[in-house]
Amino acid sequence: MRVLVTGGAGFIGANFVHQTVRERPDVHVTVLDALTYAGDEASLADVADAITFVRGDVADAEVVDRLVADADLVVHFAAESHNDNSLSDPWPFVQTNVIGTFTLLEAVRRHGVRYHHISTDEVYGDLELDDPAKFTDQTPYNPSSPYSSTKASSDLLVRAWVRSFGVQATISNCSNNYGPYQHVEKFIPRQITNLVDGVRPKLYGTGQNVRDWIHVEDHNTAVWAIVERGEIGQTYLIGADGEVDNKTVVETLLELMGQDRDAYDLVSDRPGHDLRYAIDATRLRTELGWRPQYGSFRDGLAATVEWYRANEAWWRPRKDATEAKYATLGR
Ligand code: NAD
Ligand code: TDX
């Protein structure tokens, strides 16, 4: 099987490529990635000999058509992915997340290629802290940020291309991922690398916001389960019952890294900051038999801390520019 992985030099895509090369010798992976500030070919150094890497833009119809014509499956991870950036400069989000997805859909339509669309739980908006409800595939779309609205737009394009043109597609909406190769702009790697640098972790607002954490390996086994056993046209929510508030995440990191649990700073809040996300992944578990392998968030965090300690050469080149960007936002 020939798989085209877009965004394979990013966090989740690179982990997907590693997992696929390790566990599926019958699959040949081609990565299409523009290597934006968020992409890093070094994230694929271990598997460089086993894959084909193409530097290019998912909104470039010519390169996309050529690569899709040669594929049996497209797994589309490429996106502008950071909410804070989408508040400062939304245009790249519209261009990559909406126009890029449109470009891929037109190519898979032309060539009759199976397509899996990677999306986020943020398309559903947010939940109150005391609400017993979780997101399901019946929850109405209600995105808050430029990032999540462009992801919601791309999901709607996929649904329309399935219904109108018979494109063979599935969609997954996953909760917050953590693990190796995540950019230092994101919450967990930012705090780990701050602590390595002797800088206090920074919590937005009150730190009460809740995210539903899943290890990136578990996200990717779910993607393969959907590709292999999912029903065309369906949307699957991916989550591992990992709800934790941000303050607890920071306190746990401080403890794991040998500091006082209250040695953090509260900084100004993200505008429009979603309060809580929570996923009901019952359909994925009952219909496709998927189970997460990472049982304990604390153990997963400890392993992630070790990975960042051992791989400073990977993240160090991006740290200063990331913190300079945050400094302009006062966060
Ligand atoms: P990331 O920012 O780490 O990686 C994105 C990758 O896409 C980078 O390698 C970048 O170079 C590439 N890219 C960006 N624009 C491109 C373009 N125009 N053409 C080709 N490549 C381009 O993102 P991530 O966290 O790995 O997220 C991957 C996908 O998973 C995204 O679609 C995101 O919406 C989704 N998602 C992420 C999370 C999470 O917690 N990180 C959760 C749910 C869903
Ligand atoms: O320094 C920080 N301090 C802080 O309190 C940062 C960077 C973040 N936060 C908070 C904001 C969020 O409540 O931590 C939480 C997580 O923040 P991010 O890592 O920016 O993730 P989030 O905005 O929740 O979005 C993530 O999950 C869904 C991914 O970046 C998206 O791509 C994915 O769709």
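**Helix α7 and what lies beyond it**

Modeller: Let's start with helix α7, residues 216-229: its 14 residues reach 20 Å from the first C-alpha to the last, close to the 20 Å expected at 1.5 Å a residue. That expected span is 1.5 Å times one less than the number of residues. Helices here are DSSP runs of H or I with at least four residues, strands are runs of E with at least two, and both are numbered from the N terminus. Some ground rules: residues count from 1 along each chain as its sequence is written, while chains are lettered from A and ligands numbered from 1 in the order in which they are written. Keep in mind that this is a predicted model, where local features need pLDDT of at least 70, side-chain atom pairs count only at pLDDT 80 or more, and totals for chains, interfaces and linings use all residues; side-chain values use heavy atoms, with hydrogens and water left out.

Back to α7, which is mostly covered, with 11 of its 14 residues buried. Buried means under 20% relative accessible area, exposed means over 50%, and partly exposed is in between, with a 1.4 Å probe and protein chains only. Among the buried residues of α7 are Val216, His219, Trp224 and Ile226, and charged Glu217 and Asp218 are buried as well.

Contact means heavy atoms within 4.5 Å. Proline 180 sits in the loop between β7 (177-178) and α6, and at a relative accessible area of 18% it counts as buried. Its C-alpha is 21 Å from that of leucine 203, which is 23 residues away along the chain.

Helix α6 takes us on to ligand 2: α6 (187-196) and β8 (202-204) each supply at least two residues of its shell. There are 22 residues around this ligand, and Glu122, Tyr147, Arg211, Arg270 and His273 come nearest; a residue belongs to such a shell if one of its heavy atoms lies within 4 Å. By class, the shell has 6 nonpolar, 9 polar and 7 charged residues. Ala, Val, Leu, Ile, Met, Phe, Trp, Tyr, Cys and Pro count as nonpolar, Asp, Glu, Lys and Arg as charged, and the others, Gly among them, as polar.

Now for polar contacts, meaning pairs of N or O atoms within 3.5 Å; within protein, one must be able to donate a hydrogen and the other to accept it, and residues adjacent in sequence count only if both atoms are side-chain atoms. An oxygen of ligand 2 is 2.7 Å from a side-chain N or O of histidine 273, and an oxygen of the ligand is 2.8 Å from a side-chain N or O of threonine 120. Taken alone, ligand 2 exposes 660 Å², and the protein buries 94% of that; areas come from the Shrake-Rupley method with a 1.4 Å probe, and for residues only the protein chains shown count as cover.

On to ligand 1, where Tyr147 turns up again: of the 28 residues around it, Ile12, Asp33, Ser81, Tyr147 and Lys151 come nearest. A ligand oxygen is 2.9 Å from a polar backbone atom of glycine 10, and a ligand nitrogen is 2.9 Å from a backbone N or O of valine 58. By itself ligand 1 exposes 830 Å², of which the protein buries 96%. α1 (11-23), β5 (114-120) and α5 each give two or more residues to this shell, with the largest share, 3 residues, from β5.

Serine 154 is buried, at 1% relative accessible area.

Asp33 leads us to alanine 9, 24 residues away in sequence but 6.3 Å away in space, C-alpha to C-alpha. Alanine 9, in the loop between β1 (2-6) and α1, is buried at 2%. Beyond four places in sequence, its contacts include Asp33 and Leu35. Leucine 35 has a phi near 50 degrees, a positive value in a residue other than glycine, and is buried at 17%.
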